[in-house]
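Work through the following exercises with the sequence and the model open beside you. Try each task before you read its solution.

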Amino acid sequence: MNDSESVHAGTIMVSAGSHTDVGLVRQVNEDSLLAEFPIYLVADGMGGHQAGEVASAIVVEEFARLVGRDNLAVEDLHEALEEAGDRIGMISQDSDERAAGTTVTMVVATRLHGRGYWIVMNLGDSRVYRFADESLEQVSIDHSVVQELIERGELSVTGARTHPYRHMVTRALGAGPAQMPDYWTIPAEKGDRLLVCSDGLTGEVEDSIIEEVLAEIEDPQLAAETLVELALKNGGRDNISVVIADATDVILAESASTATALTSIVDAEHLE
Ligand code: MN
């Protein structure tokens, strides 16, 4: 996105950081991530004999095809998701092991009618948070057994951390029939900071601490590494993945038209 002539009104200028770690207990890192404009994605794979690792890597491969495009629509994302789902379904057919599956959670920077937007997609229990105006807000809603219990008033957010079913997802890509993701569209503002992370972070680090780190550490790469370190310090019982996307600017439609207007005034004066 360095060529200023190719920047359209509404384009979000993004500075990103990312980090992943196998953790202190698991043998394999089955998480995969992608942090290249305009896709900021975490996939948390599941299934025996490296099936999870392969499933999450397939998601990254399919979405990597969309890298560099600044006006993606939900349809483009849904198409890539279906392609990844088909491929994961095929590896599950070839295996006698537990079916391969993965969460798919992302923020996509896009523009519509000269305005910048984030598209948020979630399938499973990885999460998207937005940090803006000094406060952290969870955007995505987990597809998990504990989330359903919380919504029914049968479990507290604190209780969910230690619940025996805390790793059970109710939707995922490739595993079982329920594969429909949720989508949100959020108008982008300069200064927005979006966090995408696997449950290896949120299972170990409380939201209030995540908020502090995002408020204090300006550099997205350093902030991502710090969050992963905190999860390790608290036990690192799962693979940990963190992607941070900062909107350093959102190109305004007004500034483009003002520039054009000034140019024509100058030209008119030259003619006289
Ligand atoms: Mn996980």
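**Exercise 1. The chain as a whole**

What percentage of the 272 residues of the chain count as buried?

Solution. The model is a predicted one, in which local features need pLDDT of at least 70 and side-chain atom pairs count only at pLDDT 80 or more, while totals for chains, interfaces and linings use all residues. Residues are numbered from 1 along each chain as its sequence is written, and side-chain values use heavy atoms, with hydrogens and water left out. Buried means under 20% relative accessible area, exposed means over 50%, and partly exposed lies in between, with a 1.4 Å probe and protein chains only. By this rule, 46% of the 272 residues count as buried.

The next step is the secondary structure, where helices (H or I, at least four residues) and strands (E, at least two) are DSSP runs numbered from the N terminus. The chain has eight helices and 11 strands. Contact means heavy atoms within 4.5 Å, and among the contacts between residues at least 6 apart in sequence, 71% join residues at least 24 apart.

**Exercise 2. The manganese ion**

Find which residues are the protein donors of the manganese ion, and work out which parts of the chain Asp 44 and Asp 199 tie together.

Solution. Donors are N, O and S atoms within 2.8 Å of the metal (3.2 Å for Na, K and Ca), and because water is not among the atoms, sites may look incomplete. The protein donors here are Asp 44 (OD), Asp 199 (OD) and Asp 238 (OD), which lie 2.1 to 2.3 Å from the manganese ion. Along the sequence, the spacing of these donor residues is D-x154-D-x38-D. Asp 44 belongs to strand S3 (residues 39-46) and Asp 199 to helix H5 (residues 199-202), so the pair ties together parts that are 155 residues apart in sequence. Asp 44 is buried, at 9% relative accessible area, and Asp 199 is buried too, at 13%.

**Exercise 3. Two pairs of helices**

Describe how H1 packs with H2, and then how H6 lies relative to H7.

Solution. Two packed helices are described by the angle between their axes and the distance between the axes. Axes are lines fitted to C-alpha atoms, for helices over the stretch in contact, and angles run from 0 to 180 degrees between N-to-C directions.

Begin with helix H1 (residues 51-64) and helix H2 (residues 74-93), which pack at an angle of about 150° with their axes 9 Å apart. Angles under 35 degrees count as roughly parallel, over 145 as roughly antiparallel, 65 to 115 as roughly perpendicular and the rest as oblique, and H1 and H2 are therefore roughly antiparallel to each other. The residues that meet include Ala 51, Val 54 and Ile 58 in H1 and Leu 77, Ala 80 and Ile 88 in H2. By class, the contact of H1 with H2 has 12 nonpolar, no polar and four charged residues, where Ala, Val, Leu, Ile, Met, Phe, Trp, Tyr, Cys and Pro count as nonpolar, Asp, Glu, Lys and Arg as charged, and the others, Gly among them, as polar.

Turn next to helix H6 (residues 207-216) and helix H7 (residues 220-233), whose axes come within 10 Å and cross at roughly 150°. H6 and H7 are therefore roughly antiparallel to each other as well. Their contact is made by Ile 209, Ile 210, Val 213 and Leu 214 of H6 with Ala 223, Thr 226, Leu 227 and Leu 230 of H7, and these residues divide into seven nonpolar, one polar and no charged. In the loop between H6 and H7 lies Ile 217, which is buried at 18% relative accessible area. Apart from its neighbours within four places in sequence, Ile 217 is in contact with Arg 193, Leu 222, Ala 223 and Thr 226.

**Exercise 4. Backbone angles in loops**

Which two residues does a cis peptide bond join, and where does His 113 lie?

Solution. Most residues other than glycine have a negative phi, and most peptide bonds are trans. Phe 37 and Pro 38 are joined by a cis peptide bond, with omega about 5°, and Pro 38 is in the loop between strand S2 (31-36) and S3. His 113 is not a glycine, yet has a positive phi of about 50°; His 113 lies in the loop between strand S5 (104-112) and strand S6 (115-123) and counts as exposed, at 77% relative accessibility.
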